[in-house]
Amino acid sequence: MSRLFAVFLAVLMAAGAARADAPKNQLRALVGQQLHLYVKDVDVDDLDQSQVAAIYTIMHSKRSTSYKLSMIRSVVGGRNSLRGLLGLN
């Protein structure tokens, strides 16, 4: 009986973990679809979750396109930021 309970508990925990990752993957997919409009040669899979969340927030703000462009480049960093272009990174 306890073995059956342990198996049931393991299945339940695995289903919960998969469900918890679904919103993160969905947000990553949404950002990935539009990221190329703001920066080139950046793969959403190379970004961490906080960067993806920040970029999503910026993309859907009511700010100007130029503001969104500069803020997303700043979040991505690397060669897309002003410091990267000047070689200060």
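Helices here are DSSP runs of H or I, at least four residues long, numbered from the N terminus. By that count, Leu69 lies in helix 3, residues 65-76.

Entry 1, confidence. I noted that this is a predicted model. I looked up the mean pLDDT of the protein chain, which is 76, with 61% of its residues at 70 or more. Among the elements, helix 2 has the highest mean pLDDT, 92. Helix 4, residues 82-85, has the lowest, 55. Where pLDDT is low, predicted coordinates should not be read in detail. I turned to helix 2.

I asked which residues of helix 2 (residues 49-59) are buried. They are Gln51, Val52, Ile55, Ile58 and Met59. Viewed down the helix axis, these buried residues fall within an arc of 130°, so they line one face of helix 2. An α-helix has 3.6 residues a turn, so residues three or four places apart point the same way. I then checked the other side of helix 2, where Ser50 and Thr57 are exposed.

I picked Gln51 from helix 2. Is Gln51 buried or exposed? Its relative accessible area is 18%, and the cut-off for buried is under 20%, so Gln51 counts as buried. Leaving out residues up to four places away in sequence, I found that Gln51 touches Val75 and Val76.

I looked up the exposure of Leu69 and found a relative accessible area of 26%, so Leu69 is partly exposed. I also checked Leu69 against Met59, 10 residues apart along the chain. Their C-alpha atoms are separated by 8.7 Å.

Definitions and conventions. Residues numbered from 1 in each chain as written. Predicted model: local features only at pLDDT ≥ 70, side-chain atom pairs only at ≥ 80, totals over all residues. Heavy atoms only, no water. Buried < 20%, exposed > 50% of the residue type's maximum accessible area, 1.4 Å probe, protein only. Helix = DSSP H or I, 4+ residues; strand = E, 2+ residues; numbered from the N terminus. Arc of directions from axis to C-beta. Contact = heavy atoms within 4.5 Å. pLDDT = per-residue confidence, 0-100.
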